[in-house]
Structures are given as structure tokens and as C-alpha cells.
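Subject: Structure for your review

Dear colleague,

Please find below the structure that I am handing over to you. My notes on it follow directly after.

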Amino acid sequence: MENYKDIVEIAVKAIDSKRGFDIDVIKVTDLTVLTDYFVIASVSSNTQLKAIADEVEYKLSEAGYEPHHIEGKASDWICLDYIGVVIHILFKEQRGFYQIERLWNDGESVDISEFIVKEN
């Protein structure tokens, strides 16, 4: 079994390094067999969307983790599936419309503050 917390940490740091915002992590282990964690982040442009998805994939690959499936490379929502961790990177508008957090609000919010670089 892969260390899903490591995948979450690497993904959050990669998203933050490319200025993804409103990053949330929800632990859903007890709610579904689909995955253990959702990582959700917002972006403001297509360029940022692709850059963040590429950075997440690159940093996880560097650490020895390869995606099981990637969806949406040509859209405004990219989903990177690492089995135990599913990473959603999407436009703020799509995020507001689909409300992924609300769908999984019974999940446990994960504190990621130690992974985020504080701005001065």
C-alpha cells in the first residue's frame, strides 16, 4: 500500500508552488471505496491549470508515484487519480458550480497549513 499522506503532501506543495489557491484536502476513507483523500485546488487561467497539473504529476513521479488515470487534460478541470488520492484542479467557477467539498462534507478536513508557504 502506498503512503497516501506522502502523496497528499507532495501534491499540496506542488500546487502551492504554482500559486494554486483555496487548497483543501478531505479524508474520505470511511465514506467511500473510491479513494482515501481528495485534494481540491482552484486556478485562475488555463496556463495555470496545465502548469499545476504538470507540476503535481512531475513531483509525484520524482517520488515514485505514477497516476492511475488522468482526466480532463483539454478542459477547465483536470483530475489526477492516484488510487488512494484523487487530485482535482479546476477553475474557481467550476468549483463553485460542482461543490465537491459539499458532496463530501461528511469527510474529515485535513490540516495542510504546514505544507503551504506563507507569503510575507
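Q48 is located in helix α2 (helices, H or I, of at least four residues and strands, E, of at least two are DSSP runs, numbered from the N terminus). This is a predicted model, in which local features need pLDDT of at least 70 and side-chain atom pairs count only at pLDDT 80 or more, whereas totals for chains, interfaces and linings use all residues. Residues are numbered from 1 along each chain as its sequence is written, and side-chain values use heavy atoms, with hydrogens and water left out.

With a relative accessibility of 13%, Q48 counts as buried (under 20% relative accessible area; exposed is over 50% and partly exposed is in between, with a 1.4 Å probe and protein chains only). The Q48 side chain reaches two backbone oxygens: that of R19 at 2.7 Å and that of K18 at 3.3 Å. A polar contact here is a pair of N or O atoms within 3.5 Å; within protein, one must be able to donate a hydrogen and the other to accept it, and residues adjacent in sequence count only if both atoms are side-chain atoms. Setting aside neighbours within four places in sequence, Q48 is in contact (heavy atoms within 4.5 Å) with K18, R19, G20 and V43.

Turning to the strands, β3 (residues 69-71) pairs with β4 in the antiparallel sense over three bridges; strands pair if DSSP finds at least two bridges between them. H69 has D81 of β4 as its bridge partner. Five residues lie between the strands of this hairpin, and G72 takes a positive phi near 90° there. β4 is also antiparallel to β5 (residues 85-91), over five bridges, with W77 bridged to L90 of β5. The hairpin of β4 and β5 has three residues between the strands, and I83 in its turn shows a positive phi of about 65°. Because four of the five residues of β4 (residues 77-81) are buried, this strand is largely enclosed by the rest of the structure.

Beyond four places in sequence, I87 touches A11, I15, V39, V56, L60, I78, C79, L80 and Y82.

F38 is buried, at 7% relative accessible area. The rings of W77 and Y98 are also tilted, because their centres are 4.9 Å apart and their planes are at 50°. This pair links W77 in strand β4 to Y98 in helix α3 (residues 92-98), 21 residues apart. W77 is partly exposed at 22%, as is Y98 at 40%. W77, F97 and Y98 form one aromatic cluster.

Yours sincerely

Definitions and conventions. Phe/Tyr/Trp six-rings, centres within 6.5 Å; stacked < 30°, edge-to-face > 60°.
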